[in-house]
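Biologist: Hi! I'm new to this one, could you walk me through it?
Modeller: Happy to, let's open it up and look together.

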Amino acid sequence: DRAMPSILTEPVRAEFNLSDTQLGLFSGVAYGVALAIFVLPMGAMSDRLHRRNFLGIIVIVWSVCTSLGGLARNFVQLVLSRAAVGAAEAGAAPTAIPMLSDMFPPERRGLSIGMFYVSANLGAVVASAAGGYLAQHYGWRTALFVAGLPGILAAILLLTTVDEPRRGEMDGEEGSAPHPRASFLSVLGYLKSNPGLILLISGCALMALISISLGAWAASFFVRIHGLSLAEVGLLVGIFGGMGGVVAPAVYGKLGDMLIPRYAGWPL
């Protein structure tokens with residue numbers, strides 16, 4: 001859902017006669033701004049709702065919105081569909097990562113969260129390769145239709161096979177008095193008192209700025225400058241650009257699990 005549009009930039013540009021500024025709005029800005037706006041409200045909802053059901057619902061929503069992008073008849077509809085995907089996806093990490101923390105003990109948590117990000121990167125590899133092929137042979141609209149289907153199936157699998165974990169179970173907090181709900185101002189106060197955390201968040205933002213920019217324009221670069229087909233670009237960007245992201249999170253997660261008993265700062 002996140003990676004597919006980057007492969008489709010050139011056929012979308014040709015159909016709607018878009019400028020590169022408009023193309024950037026479609027391939028990155030609409031999704032990213034919506035995600036940034038909704039991630040805090042989504043996190044607050046995850047703190048208060050049945051997390052498995054909430055996660056299943058938002059996966060279905062963003063999958064349907066991805067497919068709806070294939071029905072867009074103008075640029076505004078296309079941008080709105082991408083913004084809707086970003087808004088729904090904003091709830092993914094704030095819901096899934098705390099669930100994983102309640103499913104796995106601390107000594108296995110790094111690997112479990114690493115596998116969570118392996119799945120996201122593996123999905124991007126498949127989306128790039130499949131999206132390029134589908135767009136070349138059946139059109140970019142078909143590629144978006146197909147991109148929405150796996151998420152719906154995964155959501156059904158989640159809702160029918162995964163139990164809601166008890167909050168704090170793996171940290172010995174089960175049955176203890178519930179923690180008071182953190183207000184937005186208290187969270188800001190906590191960040192202000194931890195400058196190292198602010199630097200860590202800023203570093204992650206800069207990393208995302210680079211990786212998202214490269215991802216948004218890589219396909220267009222290879223099509224315009226090197227004359228590759230969409231199918232070739234999908235394989236190139238997906239396999240060679242994404243394999244590191246498939247392997248690294250699990251490796252680093254496991255390494256963090258091994259190092260953290262020696263010193264809590266080692267994983268960073």
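Biologist: Which residues is Trp140 in contact with, leaving aside its neighbours within four places in sequence?
Modeller: Trp140 is in contact with Leu8, Pro11, Val12, Glu15, Phe16, Gly69, Gly70, Leu78 and Ala135. Contact here means heavy atoms within 4.5 Å.

Biologist: Before I go on, what sort of model is this?
Modeller: This is a predicted model, where local features need pLDDT of at least 70, side-chain atom pairs count only at pLDDT 80 or more, and totals for chains, interfaces and linings use all residues. Residues are numbered from 1 along each chain as its sequence is written, and side-chain values use heavy atoms, with hydrogens and water left out.

Biologist: Okay, back to the inside. How many residues has the largest nonpolar core?
Modeller: The largest nonpolar core has 21 residues, and those with the most contacts inside it are Met4, Leu8, Val12, Leu78 and Trp140. A nonpolar core is a set of buried Ala, Val, Leu, Ile, Met, Phe, Trp, Tyr and Cys residues joined through side-chain atoms within 4.5 Å. Buried means under 20% relative accessible area, with exposed over 50% and partly exposed in between, using a 1.4 Å probe and protein chains only.

Biologist: And which elements give two or more residues to this core?
Modeller: Helix 2, helix 3, helix 5 (75–89), helix 7 (106–138) and helix 8 (140–161) do. The largest share, four residues, comes from helix 8. Helices are DSSP runs (H or I, at least four residues), numbered from the N terminus.

Biologist: What does a second, separate core include?
Modeller: That one has 16 residues, among them Phe54, Val85, Ala88 and Leu158.

Biologist: Let's switch to helix 2. Which of its residues are buried?
Modeller: Thr9, Glu10, Pro11, Val12 and Phe16 are buried in helix 2. The buried residues of helix 2 pack against helix 1 (4–7), helix 3, helix 5, helix 8, helix 10 (195–226) and helix 11 (230–259). Helix 2 is followed by Asn17, whose phi is positive, near 55°.

Biologist: At what angle do helix 2 and helix 3 pack?
Modeller: Helix 2 (residues 9–16) and helix 3 (residues 20–48) pack at about 125°, with axes 11 Å apart. The axes are lines fitted to C-alpha atoms over the stretch in contact, and angles run from 0 to 180 degrees between N-to-C directions.

Biologist: Which residues make that contact?
Modeller: Helix 2 brings Thr9, Glu10, Val12 and Arg13, while helix 3 brings Asp20, Leu23, Phe26 and Ser27.

Biologist: Is Ser27 buried or exposed?
Modeller: Ser27 has 12% relative accessibility, so it counts as buried. Apart from neighbours within four places in sequence, Ser27 is in contact with Thr9 and Ala216.

Biologist: New topic: how do helix 4 and helix 6 cross?
Modeller: The axes of helix 4 (residues 51–68) and helix 6 (residues 92–103) come within 10 Å and cross at roughly 145°. Arg51, Arg52, Phe54, Leu55, Ile58 and Trp62 of helix 4 meet Ala92, Thr95, Ala96, Pro98, Met99 and Asp102 of helix 6.

Biologist: Last one, where is Pro249 found?
Modeller: Pro249 is in helix 11, and at 18% relative accessibility Pro249 counts as buried. Leaving aside neighbours within four places in sequence, Pro249 is in contact with Gly114, Tyr117, Val118, Asn121 and Gly244. Pro249 and Leu55 are 194 residues apart in sequence and 22 Å apart in space, C-alpha to C-alpha.
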